[in-house]
Amino acid sequence: MRHLISWLSRFGGLRRLVRGLGLHTLGNWWLRRFPLVKRLPGSGVIYRATRLESIPLAVEMFDKGNLYDAALLPANFTSFADLGCNVGYFTCWLAHLARGRTLRGLMLDANPQAVEEASWHARANAMPEVYGIHGIAGEGKRGDFAEFYLYESNICSTSHLPDLQRLALPGRWERILVPCVSLEEHWRRRFGEARCHLLKIDIEGSEMNFLKAEQSFLTLCDSVLVEWHKWTVTLGELRQFLVAQGFAHVKTVEENDQMGTAFLKRA
């Protein structure tokens, strides 16, 4: 079963067939009980997959190196904040590149199951100063709750109701309420005035809401890796805002007709 799951996950057409036959649920049931666990060569960083959709994500990030450009990372980085952390693979990738340096950071996601999995990765790789946080930043006042929509795949959830119609994805959506949090408050509580060497933002259309709400936290950040979504903000608008906060656009890492990823660092 383990080899079958790995093989099926590599092919989009087969993944659709698997879902259509109801085998997606069976595969996830199996992985929850018998996770696919691997180590990254060279660093020994451990990662696991407890859902089918995590396997192709791991292949793209770890095996192919297609998702992020390691050359953009700050030299000798030791701190980060990951918004939209999903299952914590970005943290594993950073730990792999850090080559033994002690990392401190925050992993935030509105999906509670994703936060549990990200926290497992921090524990499995002996990162006691990397914390998982269940919450949503930039939406609503601290102490309130915001609506969030979980898709049956843990890679497509959103806080924007119109996205459900725009995405037109088959399958089940679940509405939940998520605590509104302040990233700056969580950071200062744990790390005081320490610099955040890298802020990663992947929050499905809420990026400008977060940036406007957390301008004070941005003063602690040295670089920003942000995924922007064109139905809510343009690259020009995003760049103009961050330049006003003291950042310079370094590279557009990738872009398609719906979204893109940009890297900026403090000027």
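Predicted model: local features only at pLDDT ≥ 70, side-chain atom pairs only at ≥ 80, totals over all residues.
The mean pLDDT of the chain is 85, and 83% of the residues reach 70 or more. Among the elements, strand 3, residues 79–83, has the highest mean at 98, while helix 1, residues 2–8, has the lowest at 39. Over residues 1–15 the pLDDT stays under 50, and for that stretch the model has 23 contacts beyond four places in sequence.

Please look at strand 4, residues 104–109, and strand 5, residues 130–134. These two strands pair in the parallel sense over 5 bridges, and Gly105 stands opposite Val130 of strand 5.

Next, the packing. Which residues touch the most other members of the largest nonpolar core? They are Phe62, Tyr89, Leu94, Leu103 and Leu198, out of 33 residues in that core. Strand 2 (46–49), helix 4 (54–63), helix 5 (89–98) and helix 6 each supply at least two residues. Helix 5 gives the most, with 7 residues. Take Leu94 as an example: leaving aside neighbours within four places in sequence, Leu94 is in contact with Leu73, Phe77, Phe80, Leu103 and Leu198. Apart from this core lies another one, of 32 residues, including Ile201, Ile203, Phe210 and Cys221.

Helix 4 deserves a moment too. Its buried residues are Ser54, Ile55, Pro56, Ala58, Met61 and Phe62. Just after helix 4 comes Gly65, with a positive phi of about 65 degrees.

Now for the rings, which I know some of you enjoy. A search of the whole structure finds 10 aromatic pairs. One of them joins Tyr68 and Trp93, with 5.6 Å centre to centre and 40 degrees between the planes, a tilted arrangement. Tyr68 sits in the loop between helix 4 and strand 3 and Trp93 in helix 5, so this pair ties together parts that are 25 residues apart in sequence. Trp93 has a relative accessible area of 8%, so Trp93 counts as buried.

Why is the pair of Trp187 and Phe191 edge-to-face? The ring centres are 4.7 Å apart and the planes meet at 70 degrees, which is over the 60 degrees needed, so the pair falls in that class. Both residues belong to helix 8, residues 183–191, and because they are 4 residues apart, about one helical turn separates them. Trp187 and Phe191 are both buried. Together with Tyr131 and Phe217, they form one aromatic cluster.

I'll finish with two asparagines. Most residues other than glycine have a negative phi. Asn76, though, has a positive phi near 55 degrees, and Asn86 has a positive phi of about 55 degrees. Where do they sit? Asn76 is in the loop between helix 4 and strand 3, and Asn86 is in the loop between strand 3 and helix 5. Are they buried or exposed? Asn76 has a relative accessible area of 57%, so Asn76 is exposed. Asn86, at 15%, counts as buried.

Definitions and conventions
Residues numbered from 1 in each chain as written. Heavy atoms only, no water. Pairing = 2+ DSSP bridges. Core = buried A, V, L, I, M, F, W, Y, C linked by side-chain atoms within 4.5 Å. Buried < 20%, exposed > 50% of the residue type's maximum accessible area, 1.4 Å probe, protein only. Contact = heavy atoms within 4.5 Å. pLDDT = per-residue confidence, 0-100. Phe/Tyr/Trp six-rings, centres within 6.5 Å; stacked < 30°, edge-to-face > 60°.
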